[in-house]
Amino acid sequence: MSVLDAPAGAAPGPAGTGEGLVGVFVRLKLTLLRNGLRQSAGRRAAYITSVVFTLLFAAGLLLGLVALRGHAHAASLVVLLAGVVAVGWTVIPLFFPSGDETLDPSRLVMLPLRPRPLIGALLTASLVGIGPLFTLCLAAGSAFAVASGAAGAVFAVVAAPLTLLVCVALTRAVATANTRLLTSRKGRDLAVLSGLVIAVGFQVVNFGAQRLGRAGGLAALDPAADVVRWLPPASAVGAVDSASRGSYGQALVQLLLSVAALAALLWLWQRSLVKLMTAPDGSTLAAAGPGREKAGKDGSRLSALLPQGRTGPVMERSLRYIARDPKTKAAWTTALAIGLIVPILNALQGTGSIYFACFAAWMLGIQMYNQFGQDTSAFWMVALTISSARDAYLELRARALALLLITLPYTVLVTVVTAGVLGDWGDLPEAMGLSFALLGGMLATGAVASANFAYSIPQDGAFKNVAPGQAGLAWISIFGGMVSAGLLCAPVIAVTIWLHVADLEQWLWLLLPVGAVYGALISWAGLRIAAPRTADRLPEILAAVSKG
Amino acid sequence: MQDRAETDRATRAGEAGGPATPPPAVRVQGLWKRFGEQTAVAGIDLQLPAGKFIGLVGPNGAGKTTTLSMVTGLLRPDQGTVEVAGHDVWRDPVEVKSRIGVLPEGLRLFERLSGRELLAYTGRLRGLPGSEVDKRATQLLDVLDLAGAQHKLVVDYSTGMRKKIGLAAALLHNPEVLFLDEPFEGVDPVSAQTIREVLERYTRSGATVVFSSHVMELVESLCDWVAVMAAGTIRAQGTLAEVRGEASSLQNAFLELVGAGSRTGGDSLDWLGGKR
C-alpha cells in the first residue's frame with residue numbers, strides 16, 4: 001500500500017474534503033512507521049520492546065486503578081494523574097521536536113488543503129500510536145476507578161475519550177505554536193539540555209514521593225486535587241466522580257470545561273497552523289541583511305590572559321565550547337553537579353567519607369576522554385594544523401590545561417567542603433593528594449583513549465552520546481580508561497594504606513605534594529604517549545568522529 | 001609552522017624572472033581508495049600545473065571529494081602517492097600542511113565560535129602572530145562582506161556565509177595551493193560573485209586554486225585548466241581548450257566524456273504538457 005497511490009489515482013486529489021483526507025493521513029502515519037521499522041533490525045527491536053513495556057506498564061496501571069475503586073482518596077489520585085499526564089503531553093513536543101514527521105505542517109505547505117478538514121485529519125492521525133493508547137488506558141482506568149451508578153457510567157464513557165482528545169490537541173497546539181522556535185537553533189539547543197531537566201525533574205518527583213510517604217498517605221493530595229479537578233482535561237475525570245456522587249450540575253460544568261478546552265485548543269492549533277503555512281518564514285531575514293559595517297578590531301580579553309602559541313587559542317576554544325556547545329555544556333554541568341552531590345550528600349547523611357571527594361576529580365577527568373569526538377567533524381581544522389608529534393602534544397596539553405583550569409579549583413573546593421561537612425580536617429591533605437593523583441591518571445588515560453578510541457557524538461537529541469555502531473568503542477574507551485586510571489594511582493593508594501597500617505600517620509600530609517607531583521608526572525607521560533599516536537592517526541580519527 | 005608570505009613572494013618573483021619550471025602544484029600517481037565493496041577512486045594519475053585556476057569536474061559520486069580529501073591529507077589512500085609543491089603529503093606533512101589551504105565539503109567548522117573568533121583561532125593555530133591575524137581577519141571579513149555578521153556564531157550563518165567564512169579561514173595563512181570542494185554549492189549569486197573575485201585576485205598573484213564542481217558553465221568561465229572525473233577515474237585533463245576539443249561547450253564535451261547520452265525523447269512522458 002503506497003500512500004501516494006491512494007489519493008492521486010482517483011480524481012485531482014481529495015482537496016481537503018472530509019473522510020478521504022483522514023484516511024490518507026492515518027495511512028501515511030502507518031506507512032512511515034512501517035518504513036521506519038524496516039530500516040534496521042535494531043530499530044525494530046527497540047520499537048517492539050518499547051511497545052511491550054508500555055503495554056505492560058499500562059496494564060499494571062489499569063489494574064492498580066481498578067484496585068483503587070472504592071478507596072476514599074481515589075478521586076484525588078486519578079484527577080492528579082490526569083493532570084500529570086496532560087503536563088507530560090504538553091512538554092513532550094518541546095523536548096522531542098522532531099517526534100512526528102507526519103504532523104509536520106511545513107511538509108504540507110504546497111498541498112491544496114483547507115484548514116478545518118486538515119485539523120480533523122491531523123487530529124485523527126495523532127491518535128495512532130503507543131502514547132495515545134497508553135493515555136486511553138489510563139483515562140479509562142481512572143474513569144472506572146471513580147464511576148458508580150448509571151450517571152457515572154455515562155459520564156465515564158464520554159470522559160475517557162475526551163481526556164485523550166484534549167491531551168493530543170494540547171500537544172499538537174503547543175508543537176505547532178512553537179514550530180518556529182523548535183526548528184531554530186536555540187530550540188534545538190534547548191532540546192539537547194532537556195536531559196538535565198528530566199534528571200532534575202526525576203529528583204523532584206522522588207523527593208515529593210518521599211515527603212508524601214512521610215506526610216501520611218493520599219490525604220495529603222486532596223488540597224491540590226481540589227484545584228486540579230476544575231482544570232481540563234482532569235476536569236473530565238473529575239466530572240465522572242461528581243456524577244457518581246450525585247452532583248450532576250457540577251459534573252456537567254466540569255465536562256463542559258473539558259469540551260470547551262478541546263474546542264479552544266483546536267481553534268488555537270488551526271490558527272497557528274494557518275499562520276505557519278501561509279506566512280513567510282522569517283528565520284533567515286536576520287542573516288540576509290547584515291548591513292555593511294567595517295570589521296573592527298576585537299582583542300579578546302580571555303586570549304590576552306592565555307599563553308601564546310598553540311596553547312592559548314586551543315584553551316580558549318575549549319573553554320568557549322564548554323559554555324556554548326549544548327552537548328559539551330550538558331556533559332560538564334552533569335559532571336560538576338554529580339561530582340559535588342555524591343560526596344556532599346553522603347557526608348550530610350552521615351554515611352560519607354572524605355575519600356568520596358575523589359569522585360569529583362574522577363567525574364571531571366572523564367571529560368578528557370574522546371576529546372576529538374567533542375570537536376565533531378570540525379576536527380579537520382585541527383588535523384590540518386598538526387604535522388608532527390610536537391604539534392599533537394601541544395594540542396593535547398592545551399586541552400588538558402583548559403580542563404585543569406576548571407577541574408583543579410573545583411576538586412580543591414569539593415574536598416574542602418566535604419572535609420568541612422564531615423569535620424574531618426585531619427584527612428584533608430591525603431584525600432586531596434589522592435584526588436590529584438586520580439586526576440592525573442584520568443588526564444593521562446583520557447589523552448591516550450582520545451588518540452586510540454575516538455568516536456562520534458551525535459549533535460542532536462539529548463540522549464544519544466554515541467553514534468550507531470560505535471558504542472563498543474565508547475565503552476572500551478571510558479571503562480578501560482577508568483580502570484587504567486585506578487591502576488595508575490595504585491602507588492599513591494598503596495603508600496596511603498601503608499602509612500595508615502604502619503602507624504606513621506604523622507607523615508600522611510606528605511601525600512598532598514606526592515599526589516600532586518605524581519599526578520602531574522603521569523599526565524605528562526600520558527600526553528607524551530598519546531601525541532605520536534594522534535599525529536599518526538589523524539585521518540582515522542577524523543573518519544571516526546565524522547559519523548554524527 | 002610559519003607564515004609563508006615572505007618566501008612565497010620571493011619564489012613567485014623568481015619564477016617570473018627565470019626560465020626554471022616550478023614543480024607542479026599537485027602530482028598524483030596511482031591513487032586508489034575503496035570503501036568496502038565500493039571503489040571510490042580507481043587508480044588516478046594527475047598533474048596539476050602551478051599558478052593556474054584548476055577545475056575538477058564530474059557528476060555526483062565521481063570521486064571528487066574522496067580525491068581532494070586524499071590530496072589534502074584528510075583521508076588515507078589505499079595506494080598511491082600525492083605530492084604538493086614537490087613534497088609528499090604523507091611523508092612530509094610539515095612542508096605540505098603549511099603550504100595548503102582547504103575548504104572541504106560536508107565537514108563542519110567550529111560552529112560555536114563567531115566568524116571572527118573562528119578566524120582568530122585558525123590563524124593562531126597556523127602560527128601567525130595575534131596582531132597579524134587580527135589585521136588579515138579584518139580585511140577578509142570586509143572583502144567577503146561578513147563584517148556585519150562577524151560577531152554572530154557560525155552555527156547561525158547561512159550556507160553562503162559559511163562558505164565565505166570557510167574560504168577566509170583557508171586563505172588566512174596565504175597558502176600556495178588552495179583546495180576548495182564545491183565552493184559554490186548552495187551559495188547565492190551575490191556571495192558567489194564575491195568568492196569569485198577573491199579567488200581571481202588570489203590566482204593572479206601566482207597561487208594555485210583547485211576546486212571541484214559539477215556546474216560546467218562556472219568551470220568554463222573561471223578555469224584555465226580542467227580535469228574531468230567519472231566513476232573514480234580521470235577521463236581527461238588539460239587546458240580548457242584541450243578538454244573541450246571539438247565540442248561547442250564544456251558541458252557537451254563533458255557529457256560525451258562521461259558517456260551520458262540524451263535521455264529525453266520516446267513517449268514515456270507524452271502526457272506532460274498535454275491536455276489538462
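UniProt, in an unreviewed entry, lists residues 26-256 of chain B as "domain: ABC transporter". UniProt positions follow the numbering used here, feature names are shortened, and annotations may be inferred rather than shown by experiment. Over residues 26-256, chain B is 38% helix and 27% strand, and the end C-alpha atoms are 26 Å apart. Helices (H or I, at least four residues) and strands (E, at least two) are DSSP runs, numbered from the N terminus.

This is a predicted model, in which local features need pLDDT of at least 70, side-chain atom pairs count only at pLDDT 80 or more, and totals for chains, interfaces and linings use all residues. Residues are numbered from 1 along each chain as its sequence is written, while chains are lettered from A and ligands numbered from 1 in the order in which they are written.

## Chain B

Chain B has 10 helices and 10 strands. Of its 276 residues, 48% are buried. A residue is buried if 20 or more other C-beta atoms lie within 10 Å of its own, exposed if 12 or fewer, and partly exposed in between; C-beta atoms are placed from the backbone. Two residues are in contact if their C-beta atoms, placed from the backbone, lie within 7 Å. Among contacts in chain B between residues at least 6 apart in sequence, 70% join residues at least 24 apart.

Strand pairing comes next. Two strands pair if DSSP finds at least two bridges between them. An open sheet of four strands runs in the order β2-β1-β4-β5 (chain B), with antiparallel pairing. β2 (38-48) and β5 (87-88) of chain B stand at the edges with a single partner strand each, so one side of each has no neighbour in the sheet. Within β2(B), Leu46(B) is the bridge partner of Val28(B).

Strand β8 (residues 208-213) of chain B has six of its six residues buried, so it is largely enclosed by the rest of the structure. Both faces are covered. Thr208(B), Val210(B) and Ser212(B) lie on one side of β8(B), with Val209(B), Phe211(B) and Ser213(B) on the other. Val57(B) stands opposite Ser213(B) in β8(B). Thr208(B) in β8(B) is the bridge partner of Val177(B).

| Strand pair (chain B) | Sense | Bridges |
|---|---|---|
| β1 (residues 26-35) and β2 | antiparallel | eight bridges |
| β3 (residues 53-57) and β8 | parallel | five bridges |
| β7 (residues 177-181) and β8 | parallel | five bridges |

Lys64(B) sits in helix α2 (residues 64-71) of chain B. Lys64(B) is buried, because 26 other C-beta atoms lie within 10 Å. Leaving aside neighbours within four places in sequence, Lys64(B) is in contact with Leu56(B), Gly58(B), Ser212(B) and Met229(B). Lys64(B) and His214(B) are 150 residues apart in sequence, yet 9.8 Å apart in space, C-alpha to C-alpha.

## Chain A

Helix α23 (residues 511-536) of chain A has 26 residues, which should span 38 Å at 1.5 Å a residue; its end C-alpha atoms are 37 Å apart, which agrees. The expected span is 1.5 Å times one less than the number of residues. Buried residues in α23(A) include Leu511(A), Tyr518(A), Ile522(A) and Leu527(A). The buried residues of α23(A) pack against α19 (389-422), α20 (428-452), α21 (471-488), α22 (490-501) and α24 (538-545) of chain A.

Asp241(A) lies in helix α11 (residues 234-244) of chain A. Asp241(A) counts as buried, because 29 C-beta neighbours fall inside 10 Å. Not counting residues up to four places away in sequence, Asp241(A) touches Ala75(A) and Val146(A). Asp241(A) and Gly141(A) are 100 residues apart in sequence and 13 Å apart in space, C-alpha to C-alpha.

## Cores and interface

A nonpolar core is a set of buried Ala, Val, Leu, Ile, Met, Phe, Trp, Tyr and Cys residues joined through C-beta atoms within 7 Å. The largest has 158 residues, and Leu438(A), Ala447(A) and Ala168(B) have the most contacts inside it. α20(A) gives the most to this core, 15 residues. A second, separate core of 58 residues includes Ala159(A), Val174(A), Ala239(A) and Ala243(A). Beyond its neighbours within four places in sequence, Ala168(B) is in contact with Leu119(B), Leu140(B), Leu141(B) and Leu144(B).

At the interface, 32 residues of chain A are in contact with 34 residues of chain B. On the side of chain A that touches chain B, α15 (311-324), α18 (379-383) and α24 of chain A give two or more residues. The largest share, six residues, comes from α15(A).
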